[in-house]
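Subject: Structure for your review, with notes

Dear colleague,

I am passing on the structure we spoke about, and my notes follow it. Please read them alongside the model.

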Amino acid sequence: GDENSSDDKQDKQVSKNEKEDEGKKVEGGQMIFRVSSDSRVIHPLYGNDRTTLTLVNHIFAPLYNLKGEDIDYWLAEKVEPSEDYLSYKVKLKDELTWHDGEVLDADDLVFTFNTIMDKKQGSHLRDSFVTTEGEVKIEKIDDLTVKFILPEVQIGFLDTIGGIRMFPEHVYGDIENIQASDVNNNPVGSGSFKFEERKSGESITLSKFDNFFKGTPHLDNVVYRVIPETSSAEIALQNGEIDAMSITADKVEKFEESNNILAFDEDRLDYIIFNQNGGKLDNENLRKAIAYALDRDELLKANYLSTDYAKPAYSFFADKTLYKTDDVEKYEYNIEKAKELLEESGLKDINLTMVYRGKDNVRELLVQQYLKEIGINVELKAMDMASFFNALFEKEHQDEYDLAFNGYIYGKEPSTYAQVFKAESMNNVSGYKNEEVDKLWDEAAKEKDSSKREKLYEKIQKEIIKDAAMYPIDYGYAIVAVNPKFKGLEDAAPAPIHMFDDLSQIYMVE
Amino acid sequence: MKEPLIEIKNLKKYFEVKNSFLKRNEFVKAVDNVSFNINKGETFGLVGESGCGKSTIGRTITRLYKPTEGKIIFNGNNISHMKERGLKKHRKDMQIIFQDPFASLNPYMSVGDIINEPLEILNISKKDRFNIIYDLLEKVGLNKGDIDRYPGEFSGGQRQRIGIARALSVKPKFILCDEPTSALDVSIQAQVINILKDLQDEFGLTYLFISHDLSMVNHISDRIGVMYLGKLVEVNTSDNLYKDPLHPYTKALLSSIPIADPDLAKNRNREILTGDVPSPINPPKGCRFKTRCKYKIDKCEYIEPELREIKKGHSVACHLTI
Amino acid sequence: MTNYILKRILQGITMLIIISIISFTLMHMAPGDPSTSYISPKMNASEIQAVKERLGLNEPIYIQYIKWIKKVLQGDLGYSLIDFKPVTQVIKSRLPATVGLMGSSLLLSLLISIPLGLYTGKKKGKTIDNIITTISYIGISIPSFWFGILLIYVFAYKLNLLPSVGMRTLGEPDSILDVIKHGILPCIVLSFSSISIYTRYIRTSTIVQLNANYVRTEEAYGFSKYKIMFKYVLKNVLLPIITILGMSLPNIVTGAFVTETVFGWPGMGRLGVDSIFNYDYPVIMATTMLTATLLIIGNLVADILYGIVDPRIRNMR
Amino acid sequence: MYIKLMKGLKNQVFSNKLGKFAFFIIITFTVISIFAFLSPYDPNEIDMASRFTSPNIKNIFGTDIMGRDYFTRILYGGRISLSVGFLSMLISTIIGTIVGSISGYFEGRIDSFLMRTVDILMSIPSFFIILILNAYLKPSMGIIISVIGLLGWMTTARLVRAETLSIKSSEYVLYAKSLGISNFKIIKKHIIPNVLPTIIVAATLSIASAILIESSLSFLGMGVQAPDASWGSMLSNSQGYIDEAPYLGVFPGIFILLTVLSFNILGDVIRNTLDSRGE
Amino acid sequence: MNNILKVKNLKTSFFTSNGEVQAVRGISFNVKQGEVLGIVGESGSGKSVTSMSIMGLIKNSGKIKDGDITFKGENIKNYSQKKLRNIRGNEISMIFQDPMTSLNPVYTVGEQMSDILIKNKGLNKKQARIEVIKYLESVGISSPETRIDNYPHEFSGGMRQRVMIAMALSCKPKLLIADEPTTALDVTIQAQILDLMKELKHKTNTSTIIITHDLGVVAEICDRIIVMYGGLIMEEGTVREIFYHTNHPYTKGLLNSIPKIGKEEKLLPIEGFPPNLLNPPKGCPFYERCNFRMDICKEKRPDTFNLSDTHKSMCFLNRKVEI
Ligand SMILES: Nc1ncnc2c1ncn2[C@@H]1O[C@H](COP(=O)(O)OP(=O)(O)OP(=O)(O)O)[C@@H](O)[C@H]1O
Ligand SMILES: Nc1ncnc2c1ncn2[C@@H]1O[C@H](COP(=O)(O)OP(=O)(O)OP(=O)(O)O)[C@@H](O)[C@H]1O
Ligand SMILES: [Mg+2]
Ligand SMILES: [Mg+2]
């Protein structure tokens, strides 16, 4: 591997080759983004597809975003954990208003939280506020301040609170079933842009919110245009019919002439699941053999062509996760070692099933090719999205596969990753079991001293990778092509999923 | 000699017509209460206008159709409602020659296969079968070499000969000839008629000969039945029918025949019918011929005349003949 | 006539019920269901059960069906399980785009294929007939998505004459002209195959009619070729087209799955595809039933119309 | 008797220029697909180093996004596409022929029942149902073939029924009945050979439509799934590279076009000769 | 009586994929003013092709290869289609064999007949309608005022043939060609139609060509008869000459093969089958089937011998007579 050369680019966050022909900045204008599917219920409680999440992000501002150790405050002015980390006080900014002009205050936050916790409303966000010990409670302190009370210490809770996107009580109160309510045809939030109109199957238009607390956005409108077919969308981008869209690495060359290319770490880890729920991969040596038989760099290149748009991953933490270390077993491509380990495993005539979804299967084919070399036969099985996740998450389907590519985004807080590996956790799809490590997780979650925590998490990473619980591949970047007449992209904070955190920063030049 | 081979008593055959557009399904009374006998060794001719039910009678007798009502006695057996299994042994005694020499032979079967088809139901060795086929081909004036050719390679007249050979192969007692010559040219018609006649003499066959060519029927038949709208209106020996027609329809029919003799044609008194044949779906009440009959009397309006024997061998269904 | 129509309507309704049962069963028997998009990994069994209950998926299929049909009979097609809008509203928002596109494609197809069919029928065997026939073969053989992308590539990208995707230029006030401009390419894609099909049909029909005995009569009375063609033959050729039109009616709803996807046209075809991907049962059912209804109505209307225009059938009634 | 039939068909096809062309194309494509294994390249061997090689002497159709020899992949893709076409045709033709001949031969209640069923199935938007089934049953090749076949037999059934009805009332069938020959034998000896040309027409057309349907399904992401690749899925995967590697779309596109075209032409040529049989 | 139509050495062929079908191979005949000429012959002998050639309606693969067609003193063979159109309908009308399909199914009988009158006689719609009604009545269609608005399928076969006749007559043609006008009809209906035609023959002075294969029909209605075989005229003569002084072996054979009512004599068929016009025999077309054939008949086509002013026969047997 060319670990060193990729290290140089480690901090490449934004903006390759931004056009220098700085024009005259103008206020107003419209920016058109491509989305591949129509939005669903535009409400913070329900959206779970990319389009809806994006819209919700811009219409409904969060309380704050965690940026590493720092906090980027939005609706909240301040958040403060108590000494014992069992309660968090959140104070809202003053003089905030909703899109319809009504005042935004602590009552709305209480309402929002209670709605999330209301089982009848069926929001999956509720899970984040429930621990094994009980539910999180909220308490209004004054017109701008509330207090969240936790049943037990959860280090990652700061992140969880920040993600709450408030919605106004005066609009959504008294509605029995918010999900099915007509109000969603005209959502009211407090983000930088407000909902203007939705043309079914065609486009969703947002217009600037003059009263946005960070200041009036530059653009008049932001439009999300539904173009299902990627190849059509690419032509539309080249034709100037849309202004921005996500692209894949192999398209960069094509678009970089006429567009600004933005690449940024999505905090995502791409990895291969080793299914240890009773199949052949329960055998540790087999897992290790597989890991050594694979060439990480080639797998990376299959998706990203070069290390320009992805970084090889060795740990199971995302790149920006606190305490991430590459000082773990790296499983560099080594056929001999793989064969040895396979020998040790005592298994013969191994047939494995690898499932995948969608059209694209380069990586799967590569895996098939690599494993063939050490005499393992891999059968590829295509699945649609729903069945794929059934196979991954539902007990009765977990025997349908051995290997699968997957990716996750769990953020910068290391404790969140426990759910992937702890024996009893729902999210432990691979069925990895190691009691020692489970104990370390618990210990680390309660450890308030950061250097001790660092030690613990490094140990955890080493142990888990040593067990070959999974095969981390890379940290892929999101790549976005944007019409060069739009500037301020870096200030808009490129972000996973919704592309930009803060659209109010983008402006047009002539 | 005058022993009946086939006795038909009150035979009825109705077809249900599905009328997708109207309310109820209706019935075509193709054959409506017909009785007559066909004697052994004779040719019984059946004439009448198109659609009057000639073919239907023929096909019902040979049990291609199930009769709606009535009796068919073939060779002493009542076959009118016999099941297929029972019929099987009578089948080979009744053969059919069809009108259309193009539609009556499967275009994808060779002449040999075609003639072999009825033979297969008999228990004959393959070699014997070939001999029979060669014999038959010769009899109907075709070559041995034709056995491997297909119907498409023959002309109409030749095909009709193949049809005849096929019918003869099982040595039937009775052959239904359903307009065997009407699709053929005049010069060819005579060839076929002569073959039929010769074979009848040779094998003592009984024919039911259906045609609307009256002169041809006259020529070949011993007795003739005249049909009108599903009914038999007159039965007589061939000679007498032409000499002494009694039913007004028979008279009109006979005088309609164009005569290939200019002097005769000029001098004869023609009786020309007006109008068309009514629909067999709702035939007129009373006498069915009343709508076109010059001699109609009141009785004809309401009472249907029955076929009655007025002289030996001569039956008529007309109120005027009594 | 009234009897006939009543009978056909009754038949149609029975057919619709059977079709709805078939589709409903097929859909629900297939593995997977809409709850997957609401079930998160953290949920436990009872929570999953709750989600299914909320979506009405926990009962036996036949009960679900009865509930569904009861509502449908009251004009309630239910809620989309995806964007939680009434299905009627969802369809209403998509229908105009498809009807407009398919309608104009139908019109265009007829306008082109009728003269072309007559012409090639008349010129049977000539070079021009061979050329057009060959093109029409291509028309029915080319994968429409490929053709669509090729058109976009050439006309939108290389020549930059027409917009590539969507139905409107965003940010500009709605104008018919703009919509038409966007509709040209998808309309061509849709029309190419139907023009090919219709042309071939009309061509064959023209050849048959030109060989009909009545044409010989008309020729024997000294009518000119043009009069024979455009007065006497035309009517005979066009009558059967009514039947084709009847059968094209349902295309107006779903005929354009592929084309609408290629061109990002916000119509029923896309809705159909999306609803399938998202297990949006109520929308799938509504689309299926709408199409089936249109097909049945289309056939009925065509038959009746045919009966009215064609004297031979008119009198049978 | 089948020999005569086949000879007849052969003559029909070869007496027509287009027919000859179509026949040639189909035979060629079928043969090269069958003998795809003779290609020196492995259709699935990935070689990222030589992605997007334009057509040249070594790779006459170039290489694809993963550096695989495109010509070899086209050959193997032909196997899949043609198999989808042929096998689903087999299903639809067998069902269509059985239903059509039973319906036409026995008439009455069986007939109305079967024809009502056909009416109903024809009123269901079939492509839509194909989509639904495919999406929910996981798009494996077997599923695709069965779904296309099971939803595509109605036209065949109608054609066969109409033809059976007319052949049934033909005099040679009447004659066979008059001999008391069993229904089964009559169907075998008289009906089927005479309906066969019609069946063949329907079959060729249904191959054409199955190949097209599969490619549309591929485009919508519900076609044959990797590692298998059909021409349809290759074509649809190439859409994104129309600018960079246009040949990726052109080759499978042309292959689909020519194949479907040829089957359509073949069907028409046979049908035209059938229609003018009587003249 | 002068000749309204003279056909001289007419040869018409069809060029098919199998080769040239010589349907008519050099025939000459005249039609006199006011007479009824019958053309008989078996299927495929070239009767219809002859009539279509006269009308200039040989199309597609067909071609008049040779000969003259003189109508009212003018050779119309090389007339342009436009000029021919003026003759068709106006001067020469035609009745076709199949009344069921010879009328356009989607127009009423009245519309079709009026159109012809409007085109050929320059009438306006109203006048045309009155004329149509008159002619429908004259061919024995009852209540023509209502029937005029009926569609063809509402008429029976016989009625349709009457309409066809009315159509032909309404143009007051100089020449009427009836191609098997009764073949498709039942005997009783045939008798009606023949009766009607005879009646019209007396009423108008139209010359008529009746094409048929039924010797009975020609005997009933014709003045003169032409017997065709294999694309050639075998014998020509008045009705009496043909029936009572039959010369040609083919004509004799024909007469012998039809049964005569009341006479029990055995039919004497003509054995064999008609010649193939793709490769017509060099000599007499009837050679193969002729009971009197001579060697020369195989090699050379017989000359046409004049047996009387009106009676001609194409047979070498007559050579002896002449010598
Ligand atoms: N299978 C059938 N179904 C319904 N109606 C039928 C059927 N066969 C015959 N008919 C009707 O029965 C009547 C008598 O028909 P049939 O064929 O016996 O007449 P035909 O005297 O033989 O006439 P043709 O001289 O035209 O052969 C006709 O009206 C005919 O339409
Ligand atoms: N369009 C055509 N193409 C090829 N051959 C033709 C065509 N029309 C007629 N013929 C041939 O010309 C010959 C004479 O045909 P014609 O129609 O004149 O016969 P006909 O005497 O009218 O016979 P019929 O009594 O059957 O009407 C036949 O051998 C026929 O096959
Ligand atoms: Mg009959
Ligand atoms: Mg003729």
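How do the residues of the shell around ligand 2 divide into nonpolar, polar and charged? They divide into five nonpolar, six polar and three charged, where Ala, Val, Leu, Ile, Met, Phe, Trp, Tyr, Cys and Pro count as nonpolar, Asp, Glu, Lys and Arg as charged, and the others, Gly among them, as polar.

Before going further, please note that this is a predicted model, in which local features need pLDDT of at least 70 and side-chain atom pairs count only at pLDDT 80 or more, while totals for chains, interfaces and linings use all residues. Residues are numbered from 1 along each chain as its sequence is written, chains are lettered from A and ligands numbered from 1 in the order in which they are written, and side-chain values use heavy atoms, with hydrogens and water left out.

Ligand 2

Of the 14 residues around ligand 2, those that come nearest are E:Ser43, E:Gly44, E:Lys47, E:Ser48 and E:Val49 (a residue is near a molecule or strand if one of its heavy atoms lies within 4 Å of it). Polar contacts (pairs of N or O atoms within 3.5 Å; within protein, one must be able to donate a hydrogen and the other to accept it, and residues adjacent in sequence count only if both atoms are side-chain atoms) include one at 2.6 Å between an oxygen atom of ligand 2 and a side-chain N or O atom of E:Ser43. The side chain of E:Ser48 likewise places an N or O atom 2.6 Å from an oxygen atom of the ligand, and a polar backbone atom of E:Ser45 is 3.3 Å from a ligand oxygen. Of the 630 Å² of accessible area that ligand 2 has on its own, the protein covers 66% (Shrake-Rupley method with a 1.4 Å probe; for residues, only the protein chains shown count as cover). Two or more residues of the shell come from each of β1 (3-16), β2 (19-32) and α1 (47-55) of chain E, with helices (H or I, at least four residues) and strands (E, at least two) being DSSP runs numbered from the N terminus. The largest share, three residues, comes from α1(E).

Ligand 1

Around ligand 1 there are 13 residues, of which B:Ser50, B:Gly51, B:Lys54, B:Ser55 and B:Thr56 come nearest. An N or O atom in the side chain of B:Ser50 is 2.7 Å from an oxygen atom of ligand 1, and a backbone N or O atom of B:Gly51 also lies 2.7 Å from a ligand oxygen. The protein covers 67% of the 630 Å² of accessible area that ligand 1 has on its own. In chain B, β2 (26-39) and α1 (54-61) are the elements that give two or more residues to this shell, and α1(B) gives the most, with three.

Sheets of chain B

An open sheet of four strands runs in the order β2-β1-β4-β5 with antiparallel pairing, two strands being paired if DSSP finds at least two bridges between them. Because β2 and β5 (77-78) stand at the edges with a single partner strand each, one side of each is left without a neighbour in the sheet. Strand β1 (residues 4-17) and β2(B) pair over eleven bridges, and B:Tyr14 stands opposite B:Lys29 in β2(B).

A further open sheet, of eight strands with mixed pairing, has the order β6-β7-β8-β3-β9-β10-β12-β11. Within this order, β9 (residues 223-228) and β10 (residues 231-237) of chain B pair in the antiparallel sense over six bridges, and B:Arg223 stands opposite B:Thr237 in β10(B).

With best wishes
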